[in-house]
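Here are some notes for a colleague who is opening this structure without having seen it before. Please read them with the sequence and the model side by side.

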Amino acid sequence: WIMDNIEPLRELSRQSASVSLLHQSFKVFKPQPAILAAYASYDGPRFAADATYYGQNKGTGGAIPLWVKPMKKENKPEKKEGAAEETTPPSGRGRGGRGGRFGRGGSGEKATVTVLSMQGDTLRRWKTELDTAFTAIYWGLETKGVAFPSREEPDKDQLEPGGGPQVLPGQYKVIVEFRNGVDSTVLTVLDDPRLNIPVAVRQAEADAVRNFYPTVEKAKAAYDRLTEAEKAIKNVENSFVNVPDSTKKEVLKLGTAIRDSITAMKEEFFTHKEGKGIQRNPETVNSHLSRALNYIRNSEGAPNGNAQIAIRKAETETERVAQKVNALFDSQWKEFRQKAEAIEAPLFKE
């Protein structure tokens, strides 16, 4: 067996039986330093088949070890003959981090993890389901990110989007809230000694990414506005179920026209129609946003010439589509709303 960190076992051996951490609800231990490591693809096949053996590297993020006391199982009533077998859903993993490997089954309980700079600035917050016994929480060393336009509903259990720029080398405080208790530790982040990247270069890249985030947020706000309008049209249609056809016909026709316009506009953000194979449209708003961020992250320090061109293109396309969305709400939507609100919608059918 290869254990990345045996400090929790050492801590257990140092304690007497009366104050053993095994009696504590949960306990966070000091993690090993995390390294901003760079990885390269290995020589050989790009996609390994079952016949190709390769080892598993240590994770690229920071692993925060902790102890989670297993809770006593409640006595279940005796199963009656012919009753369906009860099943326990598998333990999940939070998007901002995940529970560890050493436990004996998921607890089903979620912890709130907060990463602070040593100056007290909040850099990242997420929730994650914890395993029991000796386990770990993993953090990808990233800061708060930004959400892109998407038709997926946001995870209500997550506190913020992740995927932001990586932190700089230094020390960071990790606070874990779990079972009405709070514990914390300090994680040291080291630079990859093979790269010799100046801190100022890393900082310039991170600043450029964050300076671009308002463009992404603007695109998402425009897309979300269209989604909310679709829901509003549906609500109007449902509320008009008892309205005579002669009264509601014009309003519903206008709503259908607006819905068709919204469908066309949404395609400008990203492709919604599913096709066969891998299909990418490089001219959608999301494609321009992703391309700009990739160029920024591949620049060494401040954005280079290619990155600046990609940024300007993404900003131009986002502004163009946002203006189309605003024009829809300033014209057709206003008319639709005024006419819909002017109709009395009875709750009961005569």
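1. A residue is called buried here when its relative accessible area is under 20%. The model is a predicted one, and by that cut-off the buried residues of helix 3 are Lys-248, Val-251, Leu-254, Gly-255, Ile-258, Ile-262, Met-265, Lys-266, Glu-268 and Phe-269. These buried residues pack against helix 2, helix 4 (285-298), helix 5 (305-330) and helix 6 (332-341).

2. Helix 3 itself has 25 residues and reaches 35 Å from its first C-alpha to its last, which is close to the 36 Å expected at 1.5 Å a residue.

3. Helix 2 (residues 199-239) packs with helix 3 (residues 245-269) at an angle of about 155 degrees, and their axes are 10 Å apart. Because angles over 145 degrees count as roughly antiparallel, helix 2 and helix 3 are described as roughly antiparallel to each other. Their crossing is left-handed.

4. The contact draws on residues of both helices, including Ala-219, Tyr-223, Leu-226 and Ile-233 of helix 2, and Leu-252, Ile-258, Ile-262 and Phe-269 of helix 3. Taken by class, the residues of this contact divide into 11 nonpolar, three polar and five charged; among the charged residues that take part are Glu-230 and Lys-234 of helix 2, together with Arg-259 and Lys-266 of helix 3.

5. A separate point concerns Ser-117, which lies in strand 4 (residues 106-117). Is Ser-117 buried or exposed? Ser-117 is buried, with a relative accessible area of 10%, and, leaving aside residues up to four places away in sequence, Ser-117 touches Leu-123 and Tyr-172.

Key: Residues are numbered from 1 along each chain as its sequence is written. This is a predicted model: local features need pLDDT of at least 70, side-chain atom pairs count only at pLDDT 80 or more; totals for chains, interfaces and linings use all residues. Side-chain values use heavy atoms; hydrogens and water are left out. Axes are lines fitted to C-alpha atoms, for helices over the stretch in contact, and angles run from 0 to 180 degrees between N-to-C directions. Helices (H or I, at least four residues) and strands (E, at least two) are DSSP runs, numbered from the N terminus. Angles under 35 degrees count as roughly parallel, over 145 as roughly antiparallel, 65 to 115 as roughly perpendicular and the rest as oblique. A crossing is left-handed if the near helix is turned anticlockwise from the far one by less than a right angle, and right-handed if clockwise. Contact means heavy atoms within 4.5 Å. The expected span of a helix is 1.5 Å times one less than its number of residues. Buried means under 20% relative accessible area, exposed over 50%, partly exposed in between (1.4 Å probe, protein chains only).
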